[in-house]
Amino acid sequence: MTTRILTGITTTGTPHLGNYAGAIRPAIVASRAADADSFYFLADYHALIKCDEPARIQRSRLEIAATWLACGLDVNRATFYRQSDIPEITELCWLLTCVAGKGLLNRAHAYKASVDKNVEQGEDPDAGISMGLFSYPVLMAADILMFNAHKVPVGRDQIQHVEMARDIGQRFNHLFGNGKELFTLPEAVIEEGVATLPGLDGRKMSKSYDNTIPLFGSVKQLKDAIARIVTDSRLPGEPKDPDNSHLFTLYQAFATAAQQAEFRAELIGGLAWGEAKQRLFQLLNNELGEARERYQALIEKPADLEDILLAGAAKARKTATPFLGELREAVGLRSFRSQAVSGAGEKKKAGKSARFVSFRDDDGSFRFRLLDAAGEQLLLSKSFADGKAAGLVNKRLQSGEALDVREQDGGFGVWLEGECVAQSPAFADGAACQAAIRRLREALAPAE
Ligand code: TRP
């Protein structure tokens with residue numbers, strides 16, 4: 001059973017050490033688990049909501065892409081792409097916008113905070129608020145639901161958004177799923193064990209506090225940042241308290257247990273702060289040195305990065321394109337050709353003909369059912385690893401070619417190329433089974 005993990009990184013800034021320890025490093029580790037199917041992407045449409053400086057957007061996309069690759073993300077295992085390279089996401093965003101309650105979005109923290117601030121300042125409540133900010137959670141729901149993610153690792157501030165994605169997905173399933181789960185309902189994951197790094201001044205490391213340590217700056221930049229770490233005024237030789245030192249907390253996030261114990265003992269033994277900073281510099285420089293070189297090499301070849309990301313987008317679209325096709329079908333954006341086949345007199349919810357319903361199983365695999373006109377299940381397909389394989393078999397069954405139907409297990413199976421690709425339920429008796437086979441042949445007979 002594979003778990004699909006998906007997360008997005010908004011491309012407005014330059015990654016710092018806090019991003020590395022809190023998000024990048026754990027995500028890359030998670031992507032290496034045998035049962036993980038990871039989707040990591042640059043949320044560059046989301047970046048447009050907060051930033052109207054094209055040069056900054058472009059620079060940040062490049063830096064963040066290079067950072068993830070330099071830190072060891074294996075793009076052959078994970079799917080790594082830019083949100084804006086997947087047109088299906090914006091298309092899905094509209095389908096979801098049409099079912100998302102305005103009342104739900106009114107409650108989004110980010111939007112509410114902006115309204116509250118306006119009101120506080122005696123401004124019009126909507127001053128400066130774009131529809132992008134208001135709809136931000138719907139776009140995020142599209143990111144998540146497009147790939148049927150099970151787990152979404154995020155910071156605490158994003159939990160509400162993942163819950164909204166669940167709400168919106170559930171509503172869509174209810175309206176258009178015919179009792180099936182079109183969308184997997186995602187869960188937010190907060191990694192408890194992951195370090196939240198203090199910044200130079202001891203507050204949480206954050207760009208907005210200007211207290212960050214750059215991840216892939218020059219050696220000099222790293223040294224200078226470390227020199228700015230605030231410490232207490234104990235003199236060399238005086239014992240230091242490691243548990244009240246954010247310099248020690250920073251060290252801990254990157255050191256082995258043995259290194260931590262040694263450093264702790266040295267501080268208690270009176271190590272000078274200047275020496276302590278030198279130790280931290282060495283540790284970080286070791287941890288980041290090789291990745292920094294890879295980072296520089298990548299940044300210098302933006303065309304190669306472009307190729308890697310476009311390949312990632314192509315990989316993601318192998319899932320997104322057929323799935324969006326199903327969703328368009330589900331809401332009624334169907335080809336007129338298929339309507340001609342199923343009869344022009346289709347009445348709403350009349351269910352005049354048999355139909356295929358595709359879905360994702362709990363284990364993430366792709367399956368479909370064939371339901372007869374009365375909604376009874378005629379076939380349940382085997383599990384397919386990807387939606388495309390499921391779609392191909394589905395198409396073959398509908399192609400009108402002669403069916404290889406074999407009675408088995410109190411029901412029947414349909415075989416293709418020497419393999420049983422779908423099975424009926426068990427029937428009460430042989431007559432019921434024969435009747436179901438007739439309905440199956442009728443349902444899959446070529447149109448006249
Ligand atoms: N909004 C997220 C953030 O600012 C980034 C993001 C966009 C995201 N789409 C996503 C995260 C989908 C997880 C899943 O952190």
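Let's start with a definition: buried means under 20% relative accessible area, exposed means over 50%, and partly exposed is in between (1.4 Å probe, protein chains only). Asp-404 is partly exposed, with a relative accessible area of 30%.

A quick word on the model. It's predicted, so local features need pLDDT of at least 70 and side-chain atom pairs count only at pLDDT 80 or more, while totals for chains, interfaces and linings use all residues. Residues are numbered from 1 along each chain as its sequence is written, and side-chain values use heavy atoms, leaving out hydrogens and water.

Now for the salt bridges (a side-chain nitrogen of Lys or Arg within 4 Å of a carboxyl oxygen of Asp or Glu). This structure has 22 of them. Here are some examples:

| Pair | N to O distance |
|---|---|
| Arg-203 and Asp-201 | 3.0 Å |
| Arg-264 and Asp-243 | 3.0 Å |
| Arg-406 and Asp-404 | 2.9 Å |

Arg-264 is partly exposed at 29% relative accessibility, whereas Asp-243 counts as exposed at 56%.

What about Arg-203 and Asp-201? Arg-203 is partly exposed, with 43% relative accessible area, and Asp-201 is partly exposed too, at 32%.

Back to Asp-404: its partner Arg-406 counts as partly exposed at 33% relative accessibility. Elsewhere, salt bridges with shared partners join Arg-82, Asp-85 and Glu-306 into one network.
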